[in-house]
Structures are given as C-alpha cells and as structure tokens.
Amino acid sequence: MLVAILKEARPDETRVALTPDAVKALTGKGVSVAVESSAGLQSGASDQDYVAAGASISGSRAELLATADVVPVVNALPAEDQEKLKSGSVMIGFLRPLDDPAALAAAVKRGVTLFSMELVPRITRAQSMDALSSMATVAGYKAVIVAADHLPKLFPLLMTAAGTIPPAKVLVLGAGVAGLQAIATARRLGAVVEAYDVRAAAGEQVKSLGAKFIEVDLGGLQTEDKGGYAKELSPEALELGRQAIAKAAKTADVVITTAQVPGRRAPLMIPTAAVEEMRPGSIIFDLAAPAGGNCEATKPGETIVYHGVTIFGPANIVAQMPVHASMLYSRNVSNFLQLIVKNGELVIDQADEIIAGSCVAHAGQVVNERVTAALKARS
Ligand code: NAD
C-alpha cells in the first residue's frame with residue numbers, strides 16, 4: 001500500500017498533511033510512503049527528514065497521484081489532480097464538503113473514497129482525530145499575538161515611575177475552542193478580557209479562565225444542538241447579542257471574533273455602525289472571515305482600516321504557524337489512518353461511526369446526506 005504526501009496546491013498554504021514522525025510510524029508498519037520533493041519544507045521538514053523516516057522522494061506529482069492508495073492532504077486536491085487519482089484510492093483532509101461540494105466532483109467521478117476531517121464526529125473516541133479543534137487552538141493563539149503586535153498599546157497593567165498604564169481590554173466573541181484559546185492567551189499577556197457566546201455552557205469555561213462572561217437574556221431559547229454546537233439563531237436573538245456586543249466593543253482595544261455555525265455563513269455580530277463607535281487604533285481580528293466573517297466590514301483575506309479600526313480577515317491564519325499546525329494536523333490524520341489501514345492494507349469498515357460519519361463519497365457516489373443536500377441547494 002502506498003501513501004503519497006503532496007505539495008499543497010493552495011498558494012497560501014504552508015502546512016503539510018503528514019510530518020516525518022507520522023511517516024516513521026507508517027513505514028514501521030510496512031506501509032510505503034512517497035513524498036513529493038519539498039512538500040514539507042515550509043513546515044520545517046526537509047526531504048532528508050522524510051527519507052530518514054523511511055519515505056522515498058519523488059519529483060513526479062503525476063506519478064504519485066496515479067499510484068497512491070491513500071493521499072492525505074490539508075486542502076482538497078484541485079480538480080486537475082483529482083482526475084489523475086487511482087479509482088478506489090482514498091483522499092483525506094479538510095475537503096470543505098459542505099462549503100464547496102462541487103469542488104470534489106472530479107474525485108467522486110473517479111471512484112475515489114473521500115474522508116473529510118471536518119465531518120469526523122465529535123465523540124470521545126474521535127478526539128485524537130479532531131483537526132478542527134487542533135487548528136482552532138492555533139488560530140485563537142495566533143490571533144491574539146498578531147493583535148497584540150499591531151495594537152499601539154501595551155497589554156498588561158504596568159505601574160512605572162512615570163505613571164500607571166491600564167491593561168488592554170480584549171473582547172472575545174464565540175467561546176468555543178478558538179475563543180477559549182484566545183481568552184487564555186490574552187489573559188497571559190495581561191489583558192482584561194470579556195467574552196460572549198450563545199451557548200450558556202461556555203460561560204463557566206470563560207469564567208474559569210479569569211474572563212468576564214457577557215450575559216444576554218435570550219428568554220430560555222435553546223441555543224445548542226445535540227453535538228454541542230451553536231444553532232443558527234433567530235434574527236431577534238442575534239440582535240440581542242449584537243446590542244450587548246456593540247456596548248462592550250465601544251471600550252475594547254481588541255475584538256477577536258470566532259463565532260461559527262457549522263455549514264452556515266458565520267453569524268453577523270458586529271455591524272458597520274458598531275465599528276464606527278469603536279476607538280480609533282483599536283483592532284478587530286475576525287477569525288470567522290473564511291466563513292464570511294462576524295464583522296460586517298471584514299474583507300475576507302484582507303487587512304483593512306475602517307474608521308481608524310484595523311480589521312483583520314485572514315483567509316488561512318493557521319498557515320502562519322506551519323510547524324505546530326502541521327504537527328497537530330498530522331497526528332489527527334495519522335490517528336484517522338489507523339482506523340482504515342490494518343496490517344498494511346486499506347480496510348474501510350462503514351459500520352464504524354467515525355468512518356461512516358466522515359465519509360463524503362465512496363465508489364462513485366456521494367454517501368453523506370448533508371453533502372447531498374449542500375449539492376442540491378447549489379444546483
Ligand atoms: P465553532 O467553531 O463552530 O464556533 C465557535 C463558537 O461560536 C461556539 O462556541 C459557538 O457557540 C459560538 N457561536 C455561534 N454562533 C454564535 C452567535 N450568534 N453569538 C455568539 N456565539 C456564537 O465551535 P467549536 O469551537 O468548534 O466548538 C463548539 C463546541 O463543541 C464547544 O462546546 C466545544 O467544547 C465542543 N467541542 C466538543 C468536542 C468533543 O467532544 N470532541 C471537540 C471540540 C469541541
């Protein structure tokens with residue numbers, strides 16, 4: 001069985017799907033691994049590192065695509081690569097099957113089995129494969145570091161002979177994995193932190209990190225689904241949140257926004273009018289930019305200044321931390337591979353909840369109901 005590690009095609013991607021550590025574990029189990037030359041360079045893994053882990057290096061992407069049984073990726077391969085994959089092979093990665101299902105059509109047609117890391121069920125047994133959480137952890141940390149670097153102020157309270165400097169105020173919107181990491185990082189840098197989330201359960205976690213939780217009375221509305229995710233809110237409930245946020249944003253130096261609802265556009269939490277009320281020199285870091293953004297003024301993929309407020313809308317913030325982002329992602333993918341590679345052979349057991357939950361397509365058919373619905377909605 002051959003696992004092929006390719007250079008990511010997306011221009012702003014610096015991560016690699018499997019690091020040399022993961023390759024060593026695979027080759028130790030009798031799996032052959034071939035790496036496209038320089039695939040790991042931006043993540044700190046040289047061709048020599050992969051060779052030392054037991055892989056071979058190839059200069060021919062086309063040959064790797066045509067011969068691989070398993071292709072772990074960070075982002076889905078482009079259509080022209082998908083067309084070269086072997087029928088019956090496996091592609092696994094962040095395939096965005098709910099956001100852009102049509103981009104997988106060529107692989108489905110080729111009879112490639114597709115596994116989406118976004119769809120791995122968030123059950124206890126699958127925690128070690130939870131790549132969304134891994135990347136959210138990196139993103140939450142990096143957002144605060146970048147914001148602190150750009151803020152024309154210090155983060156901590158300082159008492160100096162020249163006077164006292166008050167601590168920076170950070171507002172975090174959405175207290176899931178990324179938001180909690182942002183809170184923890186901002187607190188470590190000495191900021192005073194407030195946070196808001198629609199899920200009441202997030203309140204205790206926010207407080208345990210030393211931040212204040214902004215309470216909004218939504219009249220007992222059910223805001224959480226069975227999976228622990230936020231539900232899409234009614235316009236009225238969203239508006240109540242927006243009013244509380246606008247008030248807190250007026251005095252904030254940094255606003256980090258992370259709110260998302262799986263498979264939907266990110267909720268709009270900061271209207272342009274609220275940005276206009278913010279202090280000049282303050283910062284909004286919109287981690288939901290790839291899903292449309294939580295701030296109305298965000299331009300996904302750009303950093304802009306609006307009314308004196310710098311608004312970051314990074315398209316791929318985790319790519320700015322490629323070493324640890326790749327390390328975590330590679331471990332998540334390796335743990336998933338252990339489910340489908342037994343004794344050096346590919347074994348796909350659709351009775352396994354994790355395999356069935358994350359499988360997008362098999363034997364030429366889309367097999368996931370949500371992906372089928374997403375395709376219908378776009379046709
Ligand atoms: P996410 O990235 O989908 O969303 C980020 C946060 O935004 C969530 O906390 C969500 O409640 C919040 N949000 C959505 N709409 C909002 C709105 N209109 N206003 C305010 N906040 C809004 O979520 P995530 O960080 O991936 O995880 C969310 C939940 O899943 C958390 O409870 C987390 O603990 C849980 N989780 C469980 C597991 C597991 O069991 N294996 C793994 C990871 C996360």
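Strands β18 and β19 (residues 365-366) run antiparallel and are joined by two bridges. Strands here are DSSP runs (E, at least two residues), and helices are runs of H or I of at least four residues, numbered from the N terminus. Two strands pair if DSSP finds at least two bridges between them. Across this pair, A361 stands opposite V366 in β19. The β18-β19 hairpin has two residues between its strands, and A363 takes a positive phi near 50° there.

This is a predicted model: local features need pLDDT of at least 70, side-chain atom pairs count only at pLDDT 80 or more, and totals for chains, interfaces and linings use all residues. Residues are numbered from 1 along each chain as its sequence is written, and side-chain values use heavy atoms, with hydrogens and water left out.

Strand β18 (residues 359-362) also has β6 (residues 113-116) as a partner. Two bridges join β6 and β18, again antiparallel. Here F115 faces C359 of β18.

Now turn to an open sheet. Seven strands build it, in the order β11-β10-β9-β12-β13-β15-β14, with mixed pairing. Strand β10 (residues 192-196) runs parallel to β11, and two bridges link them. E194 has K212 in β11 as its bridge partner. Strands of a sheet pair through backbone hydrogen bonds, either parallel or antiparallel.

Next comes the ligand. It is surrounded by 23 residues, and the closest are R122, D130, V177, D197 and R199. A residue counts as near when one of its heavy atoms lies within 4 Å. By class, this shell holds 12 nonpolar, seven polar and four charged residues. Ala, Val, Leu, Ile, Met, Phe, Trp, Tyr, Cys and Pro count as nonpolar, Asp, Glu, Lys and Arg as charged, and the others, Gly among them, as polar.

The side chain of R122 places an N or O atom 2.7 Å from a ligand oxygen. V177 uses a backbone N or O atom, 2.7 Å from an oxygen atom of the ligand. At V198, a polar backbone atom is 3.5 Å from a ligand nitrogen. Taken alone, the ligand exposes 840 Å², and the protein buries 84% of that. These areas come from the Shrake-Rupley method with a 1.4 Å probe.

The last stop is the second largest pocket, with about 390 Å³ of space. A pocket is an open set of points on a 1 Å grid over the protein atoms alone, where a 1.4 Å probe fits, with protein on both sides within 12 Å along at least five of seven lines; lining residues have an atom within 4 Å of a point. Its volume is the space filled by probe spheres set on the points, which are joined across faces, edges and corners. The lining has 20 residues, and T19, D21, A22, S330 and S334 lie nearest the centre. Helices α1 (20-28) and α11 (322-340) each give two or more residues to the lining. The largest share, nine residues, comes from α11. By class, the lining divides into 10 nonpolar, seven polar and three charged residues.

Methods: A polar contact is a pair of N or O atoms within 3.5 Å; within protein, one must be able to donate a hydrogen and the other to accept it, and residues adjacent in sequence count only if both atoms are side-chain atoms.
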